[in-house]
Amino acid sequence: MAAVVSGCAGPLSTLDPGGPATRTIANLWWVMLLGAMAIFALVVALLALAFRSGRAPRTQVASERVWIVGLGLAFPAAVLLSLLAYGLWAGERLLPREAADVARVHAQAERWSWTFSYDDAPGRTTTDILHIPASRPVDVAITTTDVIHSFWVPRLAGKLDAIPGHVNVLRLEADVAGTYAGLSAEYSGPGYDRHSFTVIAHTPDSWRAFLEVDE
Amino acid sequence: MNALARHRRLTAIWSSNPGWKGWFSTVNHNDLGLMFLVTAFFYFLIGGVLAMLIRAQLATPRSAFAGPEIYGQLFTMHGVIMMFLFAIPAIEGLAIYLLPKMLGTRDMAYPRLTAYGYWCYFFGGAMLLVSLLFGIAPDSGWFMYPPLTGRIYSPGINTDFWLIGITFVEISAICAAVELTVSILRYRAPGMSLGRMPIFAWYILVVALMILTGFPPLILGSILLELERAFGMPFFQVELGGDSLLWQHLFWLFGHPEVYIIFLPAAGVISTILPVMSSTTLLGYRWVVAATVALAILSFGLWVHHMFTTGIPHMGLAFFSAASTLVAVPTAVQVFAWIGTMWKGTPRLLLPMLYILGFFVTFVIGGLTGVMVAVVPFDWQVHDTAFVTAHLHYVLFGGFVFPLLAGLYYWLPLATGRKRYFRLGQVAFALIFVGFHVTFLAMHWVGLMGQRRRISTYGPEDGWTAINLISSIGGFVLAFGLVIVLLEVVLNVIVRHRSLRNPWRSGTLEWATTMPAPAYNFASLPQVNSREPLWDDPNLPTRIARGEFYLGDPANGQRETLIVDIATGTPQQHVVYPNNTRLPICMAAVTGIFFLSILLKVFWLAPFAMVGVATLAMRWAWTLGSKKDLGDQPIGRGVLVPNIAEVDRPPGWWGSAFLLVANATLFGSLLFGYAFLWTIAPGWPPPFFVTPSALVLITAIIGMAAAVAGIGHAVSSNRRGAKPVAGLLIALAGIAALGVSLLAFLTMAPSPTSHAYGATLWVLGSYGLVHVLVAALMLVFLLLRQQAGYMSSQRRAELAVAPLWIGYLCVTTALILFCAYLPGMVA
């Protein structure tokens, strides 16, 4: 397991979570992967067994009950309903809910850069570098001035689109201070490859220092 | 008359003209089905070459093979070609080629429409191919999201090629869907009730209905985006009251059903071949039909799962996530019905079976990753990454290409009359199977590691180098396997190694024809008593050839077939088809001139092309019918049925009814778009709403009353033996009043370029006016036909179609005016 997990590390890896949101999603992935492998093994085994000779003949009615009602309807319905419940529960945990210590920032995309501004430091903007406090929930209000883009920091949260005329709010949180790679994840034309940004998560002291710098 | 003489006589009647010139005038489904398939496979090769170029570019980091501009065209055209120019036409070709044979009849419902559809596909595809050759192909991704595809960010002609070329090609999908629906419902062998239909026909019936309701939102979206690009009507520009999200809704309203439109025919192939390979019948035929219908309905309820990252409200996400996971249930019913079928019988590892096993392994993985991406939080991570690219290839290659190859090897003997001599298919299978999984299994991983879709290159520091190289090598192995398949098909056509009749010992009627299948399919239309008529009576092919059943006497030299009752399959009407004609290719060419005039912005030419199409359409309809009463026709075995000219519901009525279903979906999508902009778009309300005008409303009401009363009077007086002229003229006056009402409405509407509101009103009004023109043309046509003596109280079918269109016009005009005035009344 350790080998598998170390193989998952990387600056843009969704399986190397750097915060609670991505940890929830990575766990979801591992559970789904194991479940999918079990179901796949079952199907392949049933296929292989069909080729063995000398099976006891079954009546048509009994076959329909086993194969269609049992395996076709009841089995996937049970699996899917539990997965759906798990997915909804996980989704609830990712919502940008009201909380006392939420930091609010704004991300505005254009071809091909990002401009960030900060509720805690009015008038302050940064380009292609987003500063956030570590270990605190951050709400990013995302929009665009031209075409559709998508705001994605794979180690901190899922992605959310920047759509002209709309503002979408994404909750993210970094466990520890550090640097995290961010990407725009909606095709936007020839500059798409290099449309990226960096997130710097600060310790409480350095966050305060960042906010207080007077430009 | 002995069997051989009958064969020669029928061949003379049904054959297309000799030589390659015959392709341009053929209306026979045998020819056109194969033409569709060959053209579709040609595009499969082109799309495959593009895929190889993509993999070559991504094989190494910082690759300088293709720059981002060229790369944009490569991945866009790969998607566009595979979806629109390969998958859908291949399905149409397979269905058109096989269905009349499986259903025990001689051709599709509207042979000339089959040809028109093919030529629209041919010319529309050629437009896109030209754009690719000149390096001006669409380059904004196959789903074409505005504003990137608006004229500010895509000023070139590239995007227009997509919008116009694809809309042109869609005509063929709509034509095929209309005639597949009518053919399956009404053109079957006597005695083939719905419950005795081959399972493939059920699948295609469902798919055809899905095309009729799934493609119109895309056609509407393309029209709106082209109107925005060409004339500045701001449907998707947020500053002027539009919303780019409207495109995403319209696109995925089409795009998700599209996946099932591609998968279900392939599932139909599996459901047909797998039982034969297992020497048994399909387990749970009724369950499978029910699952197919359920899948079709559910597939319209989950388009939003392509938009999970667009900021859809929370409750909406939960609903669409639930729908997207539960769609796996009817899929599971089919998968386990197939495995149960194998358990019920004795599966044989013949070549088609190998490809079916390849299907199972691949498609089940694709289905499982599909359930994963239906779970919203996970989708937020993998959306627009290589994980999704891998998932969709598992679904589409696994769920479509593997079954299609199984079908290719299964039905090839029917088309060529040869059996395979070189055993290349097994080698090809191994290469394709291994190559595919090496390519795409790796892509899941690199997607989880953060590789986005559509990037043209990456750096070595991203850590994706090894996986991408492995993926590219797999891709080339896969391509090599497909080349071997192509080679084997070519060898099969060249090497004369005659196959036995019914080589797989199948029970369905397509194997009751001689091999290769003759132009007329069946020398006489058999009486069917079960789902596997060939197992009931192994002697059936001989009895058919001897003319023992219906329409076995080709004495009158016409292309004849039967229409049956939908539910029971009892013969009801006698059909005489038109002969070979170049009318379809001419009409497709003139239709192409219309599309070209829009593409090249030569707008003055467009009305001339429209007049051309209308004239050819009138010519088309003029050749049908009869100038004298025919009476009931003997169809053999002592049965008499009326000719289609002398019934209340002729084929034209059925075709119109289903075409109107598609049309109503287009109209419904337009109203949806209007409501969406009104309630969701940020730039609303507009500066002012129009207020209801008494003049417009009163003229419209008088027009509707006159149109409906007039056409009703025409039908009833014709039935009494009186002349319908007065009624037709009253109806025409009513239609004219509706036209005046809509024109007056448009003069009061705000400018179409200032705000999306005005633009929408102009589209609504123009939609009504187009239908005014169509209805008026129909009435003029009927007046001319009446003068020429094509109508009598017996020959009443002439008057069957116009009431449908007039009724549709009245309902839509009422809705247009109501919806247009509603915001003004509410505000």
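Strand β4 (residues 129-133) of chain A is largely enclosed by the rest of the structure, because four of its five residues are buried. Buried means under 20% relative accessible area, exposed means over 50%, and partly exposed lies in between (1.4 Å probe, protein chains only). This is a predicted model, in which local features need pLDDT of at least 70, side-chain atom pairs count only at pLDDT 80 or more, and totals for chains, interfaces and linings use all residues. Residues are numbered from 1 along each chain as its sequence is written, chains are lettered from A and ligands numbered from 1 in the order in which they are written, and side-chain values use heavy atoms, with hydrogens and water left out.

**The sheet in chain A**

- An open sheet of five strands in chain A runs in the order β4-β10-β9-β6-β7, with mixed pairing. Strands (E, at least two residues) and helices (H or I, at least four) are DSSP runs, numbered from the N terminus.
- The edge strands are β4 and β7 (160-162) of chain A, and each pairs on one side only. Two strands pair if DSSP finds at least two bridges between them.
- From one strand to the next, the twist averages 30°.
- β4(A) pairs with strand β10 (residues 196-202) of chain A in the parallel sense, over five bridges.
- Ile132(A) has Ala201(A) as its bridge partner in β10(A). For Pro133(A), the partner in β10(A) is His202(A).

- Helix α2 (residues 20-49) of chain A packs with helix α12 (residues 351-374) of chain B at an angle of about 155°, their axes 10 Å apart. Axes are lines fitted to C-alpha atoms, for helices over the stretch in contact, and angles run from 0 to 180 degrees between N-to-C directions.
- That angle makes α2(A) roughly antiparallel to α12(B). Angles over 145 degrees count as roughly antiparallel, under 35 as roughly parallel, 65 to 115 as roughly perpendicular and the rest as oblique.
- α2(A) passes α12(B) in a right-handed crossing. A crossing is right-handed if the near helix is turned clockwise from the far one by less than a right angle, and left-handed if anticlockwise.
- On the α2(A) side, the contact residues include Trp29(A), Phe40(A) and Leu47(A). On the α12(B) side, they include Phe360(B), Ile365(B) and Met372(B). Contact means heavy atoms within 4.5 Å.
- The residues of this contact divide into 15 nonpolar, no polar and no charged. Ala, Val, Leu, Ile, Met, Phe, Trp, Tyr, Cys and Pro count as nonpolar, Asp, Glu, Lys and Arg as charged, and the others, Gly among them, as polar.

**Helix packing within chain B**

- The axes of helix α5 (residues 111-133) and helix α6 (residues 158-186) of chain B come within 8 Å and cross at roughly 160°.
- That makes α5(B) roughly antiparallel to α6(B).
- α5(B) passes α6(B) in a left-handed crossing. By class, their contact has 16 nonpolar, seven polar and one charged residues.

**Backbone details in loops**

- Asp128(A) has a positive phi of about 65°, although it is not a glycine. Asp128(A) sits in the loop between β3 (121-127) and β4 of chain A. At 24% relative accessibility, Asp128(A) is partly exposed.
- Asp384(B), a residue other than glycine, has a positive phi near 60°. Asp384(B) lies in the loop between α13 (376-382) and α14 (386-416) of chain B. Asp384(B) is buried, with a relative accessible area of 4%.
- A cis peptide bond joins Met515(B) and Pro516(B), with omega about -5°.
- Another cis peptide bond joins Trp684(B) and Pro685(B), with omega about 0°.
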